[in-house]
Amino acid sequence: MTCESLSDRMPEVALGGESFHPEELRHLETCAECAHEWRLVGQASKMGQSIQLDGGGIAATVLHRLATEPAQSNSRRYAWFTVGGMAAAAALVLLVLRPGRVNHELPGTPPPSAAFQIPLVELDSLNGEQLQAVLESIDEPLETPSRIEAPSMLELDDQQLERVLRSLEG
Amino acid sequence: MTVMPGRQEDSDSTLVAAYRGGDQRAATVLVARHAPPVGRFLYSSGAGGGEVEDLVQETFFRAFRRIDSWREEASFRTWLFTIAGNLLKDAYRKNRGHKLLSIEERDFPDHHDPHTELAASETEQQLRTGLEKLPRLQREVFLMRVQLGTGYDEIAVALGTTPGAARVHYHHAVKRLKEFVA
């Protein structure tokens with residue numbers, strides 16, 4: 001017999017299901033650690049025994065609640081999840097498609113990843129100032145005259161025209 | 001508490017089957033049988049004397065509402081202890097990490113409170129304080145062992161761990177509690 005094996009048996013003995021063997025009893029008399037543990041386990045096994053509960057009242061209240069409080073079924077939860085998911089998806093689409101969102105970005109917002117960049121070949125030929133003008137014009141009301149100095153088709157060479165056509169035709 | 005004759009001797013499985021079949025008297029017998037140990041578990045886990053009854057009620061409400069999830073892998077009582085433990089955890093989270101059920105502030109002997117007056121003893125308070133400071137798993141394993149006599153295999157199923165880990169948790173709990181209880 002070891003302290004550990006005695007320790008494993010203590011709860012069963014404390015609850016009255018088993019009893020100590022003579023050898024274990026002798027060990028408890030000489031081993032202060034095991035004696036300490038035995039007092040602890042004995043106390044813990046009886047802890048809260050003096051608490052009085054109104055079992056009849058508890059049962060009645062539980063049954064009343066079960067009868068009156070509707071259960072949140074899985075299908076209802078799933079429905080809310082679906083509606084929530086669709087709403088989130090719709091909000092995301094609106095955010096992406098909303099005109100003028102570029103200028104509303106907070107300072108320091110990281111640039112969109114390459115995966116989300118849409119190739120607009122016709123913008124490739126514009127210089128920095130022209131691109132800025134394009135960006136600013138996106139937020140302007142339609143009736144405001146555009147400040148974009150878009151290059152006329154006539155000013156484009158054959159190669160540039162080809163690229164514009166390819167971008168329009170997809 | 002009055003229960004229907006003939007039902008007291010029925011096993012938990014029989015009573016649960018009867019309740020599933022619409023017999024509410026079976027639920028009444030189950031509450032009468034298991035409410036006291038569930039209350040002791042909640043009290044030992046840190047619930048204040050005045051809150052134990054409400055928490056026991058909530059434990060049974062949750063248990064009966066999802067009675068189909070009891071598949072007899074663990075005893076009905078051990079399963080109730082698991083629900084009660086989760087209930088305490090939820091209460092703790094809702095309180096944003098503050099102890100909802102503070103032993104130190106609410107449960108030392110108060111002779112104006114009949115619940116604590118009945119329960120208080122110096123050693124018991126030391127033990128409760130120690131239990132409150134244990135990690136949840138250690139506390140639950142310890143209480144399932146010493147208040148129910150549940151074996152490590154069943155504790156492992158109930159708490160989602162292994163029997164070996166449950167045994168380690170138990171011995172860690174004992175070691176730490178020895179520091180609190182003279």
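Analyst: Let's start with the partner. Buried residues make up 9% of the 170 residues in chain A (buried means 20 or more other C-beta atoms, placed from the backbone, within 10 Å of a residue's own; 12 or fewer is exposed, and in between is partly exposed). Please keep in mind that this is a predicted model, where local features need pLDDT of at least 70 and side-chain atom pairs count only at pLDDT 80 or more, while totals for chains, interfaces and linings use all residues. Residues are numbered from 1 along each chain as its sequence is written, with chains lettered from A and ligands numbered from 1 in the order in which they are written. Chain A has seven helices and zero strands (DSSP runs: H or I of at least four residues for helices, E of at least two for strands, numbered from the N terminus).

Now to chain B. 37 of its residues are in contact with 30 residues of chain A (C-beta atoms, placed from the backbone, within 7 Å). Among the elements that give two or more residues to this side of chain B are helix H2 (24-44), helix H3 (52-65) and helix H10 (163-180). H2(B) brings the largest share, 11 residues. By class, this side has 19 nonpolar, 12 polar and six charged residues (nonpolar: Ala, Val, Leu, Ile, Met, Phe, Trp, Tyr, Cys and Pro; charged: Asp, Glu, Lys and Arg; polar: the others, Gly among them).

Leaving out residues up to four places away in sequence, B:Ala84 touches B:Val38, B:Phe41, B:Leu42, B:Leu55 and B:Thr59.

Elsewhere in chain B, H8(B) and H10(B) pack with their axes 8 Å apart, at an angle of about 90°. They are therefore roughly perpendicular to each other (65 to 115 degrees). Residues meeting here include B:Phe142 from H8(B) and B:Tyr170 from H10(B). This contact divides into six nonpolar, three polar and two charged residues.

Lastly, confidence. Chain B averages a pLDDT of 83 (the predictor's confidence in each residue, from 0 to 100), yet pLDDT stays under 50 over residues 100-112 of chain B. Where pLDDT is low, the predicted coordinates should not be read in detail. For the complex, the predictor gives an ipTM of 0.78 and a pTM of 0.64.

Key. Two residues are in contact if their C-beta atoms, placed from the backbone, lie within 7 Å. Axes are lines fitted to C-alpha atoms, for helices over the stretch in contact, and angles run from 0 to 180 degrees between N-to-C directions. Angles under 35 degrees count as roughly parallel, over 145 as roughly antiparallel, 65 to 115 as roughly perpendicular and the rest as oblique.
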